[in-house]
Amino acid sequence: MSAPTFIISILLFQLLFASQPCHRILTSADDGSWQLLQKSIGVSAMHMQLLRNDRVVMFDRTDFGPSNLSLPKGKCRNDSNDTALKVDCTAHSVEYDVLSNKFRALMVQTDVWCSSGAIMPDGNLVQTGGFNDGERRVRVFSPCRSCDWQEIPNGLAVKRWYATNHILPDGRQIIVGGRRQFNYEFVPKNIAASTFNLPFLSEANDRGVENNLYPFVFLNVDGNLFIFANNRAILLDYVNNKVLKTYPKIPGGDPRSYPSTGSAVLLPLKNLQSPAIQAEVLVCGGAPNGSYVQALRHKFMEALNTCARITITDPNPQWIMETMPLARVMGDMILLPNGNVLLINGAGSGSAGWELGRDPVLSPVLYRPDNEIGTRFETQTPTTIPRMYHSTAALLRDGRVLVGGSNPHVFYNFTGVLFPTELSLEAFSPAYLDAKFNNLRPTIVAPKSMSGIRYRKKTTVQVVITGEVDQNLVSVTMVQPAFNTHSFSMNQRLLVLGNDKVTALGNSTYNIEFTTPRSGNLAPAGFYLLYVVHQDIPSQGIWVKLQ
């Protein structure tokens with residue numbers, strides 16, 4: 001990687017702007033299909049965030065040397081603190097345009113390795129932390145055709161590496177944990193105290209291994225935070241820095257947090273007009289106790305094949321265990337518009353970390369949370385591209401799942417390794433996108449995308465459905481776009497708004513009346529994807545701004 005001739009050859013042939021679109025269909029079946037979108041975007045997508053303009057910001061790290069994509073117009077990053085290149089004329093971030101299937105280079109000024117972020121109510125991506133000179137940075141990316149990264153030095157009170165961010169009902173972000181940071185803080189800063197101690201993160205730390213990084217954080221329906229690390233969880237009143245509830249450990253005691261990386265989702269929130277709304281969390285996969293240490297010794301233990309599900313609003317909550325059809329570590333969990341969960345990416349053995357994963361899990365698995373236990377999992381069509389350590393996934397407005405990344409190496413390494421650095425982008429299309437469901441699929445005709453909606457209001461969406469309509473199986477859903485990295489989608493949230501009334505207008509057109517969420521505890525203000533689902537088949541989404 002350091003040989004001058006090799007660097008020159010890379011720089012001569014790397015792309016200045018987007019390559020031509022690539023739409024090769026890889027596989028197709030009743031269990032979903034795969035499409036190769038780009039053979040190379042020049043950067044391995046370690047972090048991924050969908051923006052309100054249907055563009056996806058992706059970025060890697062800066063401290064491995066040159067990427068395979070040049071910065072435009074002769075720009076170079078001059079960073080005397082960088083551990084690989086002091087002058088770097090290549091990009092480590094890209095913006096991918098979903099609609100045109102093209103991308104452009106972006107310029108980060110400091111190291112964003114293993115960082116975190118969230119979309120603010122105004123639609124800007126505010127992203128925090130990283131490594132080396134990036135560990136206390138706050139970065140802002142605004143959705144526009146020519147925008148680039150802006151950075152705020154010392155925007156964080158302490159170093160944040162492997163932390164988790166969550167948007168709050170008041171519009172701030174909370175940043176929880178990170179390596180050797182057993183505390184949390186907020187951005188923007190508008191209170192006196194810089195950090196707040198959280199001993200739970202220290203208690204969840206396995207000496208020499210950690211297993212408490214990138215904690216799973218979810219906003220509960222009461223406005224408090226459910227925080228999971230290792231194999232245990234608490235309910236935190238972050239305003240008063242008080243632990244309100246300690247949940248039982250997951251049966252078996254195996255770790256689920258980085259580097260024994262599982263994944264987790266807050267399951268779809270339903271019955272939103274009920275006085276008492278139920279909230280459930282699902283944690284899947286991970287690595288058994290000892291797996292990380294054994295992998296360092298080149299012994300690769302099988303990943304966990306279990307999921308644990310808990311109703312976090314119950315007065316006496318207990319974990320219910322389920323068995324997946326495929327063991328998985330470093331997998332991602334993506335909420336689909338119809339309320340199902342897609343498990344995707346990852347390995348069948350080993351652990352997160354450089355060179356520590358084996359046995360790629362090529363087949364996604366669909367989880368149907370409303371089915372009876374024992375009938376919830378369905379194995380889907382496999383990809384041909386291993387997505388190991390540092391892979392990513394994100395739901396797109398059209399219902400596909402964008403997949404990228406995979407680089408289990410310290411540098412970019414394309415030859416002579418088990419799992420070469422992956423620069424490609426794919427899309428997985430769940431079976432609901434098959435053309436045979438077009439007569440059931442709603443098409444939203446009003447309101448227009450980017451419309452505003454307000455809390456606790458009766459609202460109408462108009463759709464066209466060409467086939468026979470079952471009014472009892474029509475539902476409006478709202479999805480908050482997530483920041484994805486290291487097998488966790490921060491801020492991922494789906495609300496089932498249902499339907500209060502369906503009115504047939506003729507010519508296959510229907511008005512669907514629904515009620516918006518009643519508070520920011522259920523849905524923090526900001527941009528959401530709104531879908532209409534009919535008989536489990538979702539429409540394309542439209543962007544709405546909840547305020």
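This short talk describes the disulfides of the structure shown above.

The structure is a predicted model, in which local features need pLDDT of at least 70, side-chain atom pairs count only at pLDDT 80 or more, and totals for chains, interfaces and linings use all residues. Residues are numbered from 1 along each chain as its sequence is written, and side-chain values use heavy atoms, with hydrogens and water left out.

How many disulfides are there? Taking a disulfide as a pair of cysteine sulfur atoms within 2.5 Å, the count is 3. Counted along the chain, the bonded cysteines pair as 1-2, 3-4, 5-6.

Let me begin with Cys76 and Cys89, whose sulfur atoms lie 1.9 Å apart. Cys76 sits in the loop between strand 4 (55-59) and strand 5 (77-78), and Cys89 in the loop between strand 6 (87-88) and strand 7 (93-97), so the link joins parts 13 residues apart in sequence. Strands here are DSSP runs of E, at least two residues long, numbered from the N terminus. Cys76 is partly exposed at 27% relative accessible area, and Cys89 is partly exposed at 30%. The terms are these: buried is under 20% relative accessible area, exposed is over 50%, and partly exposed is in between, with a 1.4 Å probe and protein chains only.

Next come Cys144 and Cys147, with sulfur atoms 1.9 Å apart. Cys144 is partly exposed at 25%, whereas Cys147 is buried at 18%.

Finally, the sulfur atoms of Cys284 and Cys307 are 2.0 Å apart.

Conventions. Helices (H or I, at least four residues) and strands (E, at least two) are DSSP runs, numbered from the N terminus.
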